Amino acid sequence: SYTDFMQPNALETRGSMWEIDEDGDMIRCASRAMKKFFNAYENPFTMFSPDTTCDDIAIVMPKLDGSIISTFRDNDGEIRCKSHTSLSSDHAINSTRLLNENRNLYDYVDEAERLGYTVNLEYTSPEYRIVLPYQVEQLFVLNVRHRLSGELLCGAALRSKFPCLAQYSTNMTGNNICSSFPVRSTFKESVDEVRKMVDIEGFVCILNNGTMCKLKTDWYCS
């Protein structure tokens with residue numbers, strides 16, 4: 001619930017993973033997922049000021065209708081994938097298989113992992129359809145996150161530091177604002193326009209101050 005996520009560091013707890021010893025003491029942060037984030041105007045975290053404009057937007061990416069997957073280096077040195085809650089779910093196993101089938105992507109993920117970053121991806125599949133249909137299994141890079149500092153790289157920052165990995169990103173073009181996003185005078189007007197769109201789930205938006213939110217269409221929600 002919203003009140004649960006108001007607790008200290010609670011936004012950091014969904015999907016991140018630590019290796020601990022037999023006494024329960026932390027050995028390392030093994031995988032660092034994105035912070036929990038909410039729909040625009042869903043709760044006080046995302047109640048934006050009326051004078052927020054589209055100039056306050058840093059990045060807009062298409063929101064895929066799949067499952068969030070995070071990478072980790074296992075104790076045998078291999079890179080594997082996990083879902084938010086499991087190392088052995090179908091989504092985690094299938095994502096690990098897809099990663100191993102694409103050795104270029106595996107090597108790019110390995111590079112990021114060696115530099116201290118977790119790669120957060122989206123797994124889409126026709127077998128695990130939610131609303132939108134996908135014809136083939138696929139992994140899309142959403143962002144990378146430094147396991148110690150919490151630094152989040154996507155858009156231009158991802159393309160700059162990991163250009164090869166960014167080829168698999170949902171925002172691989174040179175424009176940080178997705179071309180299909182309706183830019184209007186105010187952020188609220190853009191959100192209202194997104195709600196009218198059909199045949200897509202919506203967008204993920206990051207403002208210049210770092211606030212991340214989801215913009216979903218009424219069509220998808222219904």
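## Thr 170 and its surroundings

Leaving aside neighbours within four places in sequence, Thr 170 is in contact with Met 61, Pro 62, Leu 64, Phe 140, Val 141 and Leu 142; contact means heavy atoms within 4.5 Å. The structure is a predicted model, in which local features need pLDDT of at least 70 and side-chain atom pairs count only at pLDDT 80 or more, while totals for chains, interfaces and linings use all residues. Residues are numbered from 1 along each chain as its sequence is written, and side-chain values use heavy atoms, with hydrogens and water left out.

Thr 170 lies in the loop between α5 (163–166) and α6 (187–196). Helices (H or I, at least four residues) and strands (E, at least two) are DSSP runs, numbered from the N terminus. Is Thr 170 buried or exposed? Its relative accessibility is 14%, so Thr 170 counts as buried. Buried means under 20% relative accessible area, exposed over 50%, and partly exposed in between (1.4 Å probe, protein chains only). Tyr 123 is 47 residues away from Thr 170 along the chain, and the C-alpha atoms of the two are separated by 12 Å.

## The chain as a whole

The secondary structure of the chain comes to seven helices and eleven strands. A compact globule of 222 residues would have a radius of gyration near 17 Å, and the chain agrees with this because its own value is 18 Å. The radius is taken over C-alpha atoms, and the globule rule is 2.2 Å times the number of residues to the power 0.38. The C-alpha trace spans about 50 × 40 × 35 Å along its principal axes.

Of the 222 residues, 48% count as buried. Among contacts between residues at least 6 apart in sequence, 59% join residues at least 24 apart. The chain exposes about 11300 Å², and carbon and sulfur atoms supply 50% of this area. Accessible areas come from the Shrake-Rupley method with a 1.4 Å probe; for residues, only the protein chains shown count as cover.

Thr 46 is found in the loop between β3 (38–39) and β4 (57–62). With a relative accessible area of 1%, Thr 46 is buried. Which residues are in contact with Thr 46, leaving aside its neighbours within four places in sequence? They are Phe 38, Asn 39, Ala 40, Tyr 41, Met 212 and Cys 213.

Met 34 sits in the loop between β2 (26–31) and β3. At 7% relative accessibility, Met 34 counts as buried too. Not counting residues up to four places away in sequence, Met 34 touches Leu 11, Arg 14, Ile 68, Asn 120, Leu 142, Asn 143, Arg 145 and Leu 152. One of these, Leu 142, is 108 residues from Met 34 along the chain, yet their C-alpha atoms are separated by 9.7 Å. Leu 142 is also among the contacts of Thr 170.

## Helix α2 and its cover

Helix α2 has twelve residues (90–101) and should span 16 Å at 1.5 Å a residue; this agrees with the model because its end C-alpha atoms are 16 Å apart. The expected span is 1.5 Å times one less than the number of residues in the helix.

The buried residues of α2 are Ala 92, Asn 94, Ser 95, Thr 96, Leu 98 and Leu 99. What covers them? The cover includes the strands β5 (67–73), β6 (79–82), β7 (117–124) and β8 (138–146), together with helix α3 (103–114).

## Salt bridges

A salt bridge is a side-chain nitrogen of Lys or Arg within 4 Å of a carboxyl oxygen of Asp or Glu. How many salt bridges are there by this rule? The count comes to 16.

Arg 80 forms a salt bridge with Asp 74, the closest N and O atoms being 3.0 Å apart. The side chain of Arg 80 also meets that of Asp 76 in a salt bridge (3.0 Å, N to O). Arg 80 is partly exposed at 28% relative accessibility, and Asp 74 is partly exposed at 29%.

Glu 193 and Arg 184 make a salt bridge of 3.7 Å, N to O. Glu 193 has a relative accessible area of 24% and is partly exposed; Arg 184 is partly exposed at 36%. Elsewhere, Glu 12, Arg 32 and Arg 145 are linked in a network of salt bridges. Arg 145 is also one of the residues touched by Met 34.

## A nonpolar surface patch

Trp 18, Ile 20 and Met 26 make a nonpolar surface patch of about 340 Å². Patches are made of residues with over 30% relative accessible area and no salt bridge: like charges are joined within 9 Å, and nonpolar side chains (Val, Leu, Ile, Met, Phe, Trp, Tyr) within 5 Å. Trp 18 belongs to strand β1 (residues 17–20) and is partly exposed, with a relative accessible area of 42%.
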